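Trainee: Could you take me through the ligand site in close-up? I'd like the contacts and the surroundings in one go.

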Amino acid sequence: MDLVSAATEVRARAYAPYSRFQVGAALLGASGAVHVGCNVENAAYPEGTCAEAGAIAAMIAAGETRIAAVAVIADSPRPVPPCGGCRQKLAEFADPDTPVTLATMAGARLETTVGALLPGAFRPDDMPDT
Ligand code: THU
């Protein structure tokens, strides 16, 4: 299954009763496995988590740490832009040239990269002694 399809499938399970904005994310791991996540909101609003964060958590739980490609989908007017925090989270586990597909349910697609989403990101190799 392609990454956008995987993101679309998990989006249907998003728990978003407050925003009613359901998001699905799929990550292709370096192993070839696909890891998915959806947004999970909370009555204490700031406690919600984004789809990308959920997919990263699933990837780490599966024992994988490198992202080869990303897809995110929502029913948004333009291909859904990841929030700033998720851009940083993706940069932790991807290379700047790792491809990202941002998608809408209506069929729009924006092809970009992790580096284009967060130029000059603070990265693990900025702390060489840790
Ligand atoms: N959201 C995501 O899960 N990923 C994005 O890329 C953008 C926003 C979620 C967070 C919140 O549950 C809802 O969308 C509205 O902001």
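Mentor: Start with Asn39: one of its polar side-chain atoms sits 3.0 Å from a ligand oxygen, which makes a polar contact (a pair of N or O atoms within 3.5 Å). Glu41 has a side-chain N or O atom 2.5 Å from an oxygen of the ligand, and for Glu52 a polar side-chain atom is 2.6 Å from a ligand oxygen. On its own the ligand has 380 Å² of accessible area, and the protein covers 77% of that (Shrake-Rupley method, 1.4 Å probe). Keep in mind that this is a predicted model, where local features need pLDDT of at least 70, side-chain atom pairs count only at pLDDT 80 or more, and totals for chains, interfaces and linings use all residues. Numbering runs from 1 along each chain as its sequence is written, and side-chain values use heavy atoms, with hydrogens and water left out.

The ligand takes up the space of the largest pocket. A pocket here is an open set of points on a 1 Å grid over the protein atoms alone, where a 1.4 Å probe fits, with protein on both sides within 12 Å along at least five of seven lines; a molecule sits in it if more than half of its atoms lie within 2 Å of its grid points. Its volume is about 240 Å³, the space filled by probe spheres set on the points. There are 19 lining residues, and Phe21, Val23, Asn39, Glu41 and Cys50 are the closest to the centre; lining means an atom within 4 Å of a point. By class, the lining has 12 nonpolar, five polar and two charged residues.

Conventions. A polar contact is a pair of N or O atoms within 3.5 Å; within protein, one must be able to donate a hydrogen and the other to accept it, and residues adjacent in sequence count only if both atoms are side-chain atoms. Ala, Val, Leu, Ile, Met, Phe, Trp, Tyr, Cys and Pro count as nonpolar, Asp, Glu, Lys and Arg as charged, and the others, Gly among them, as polar.
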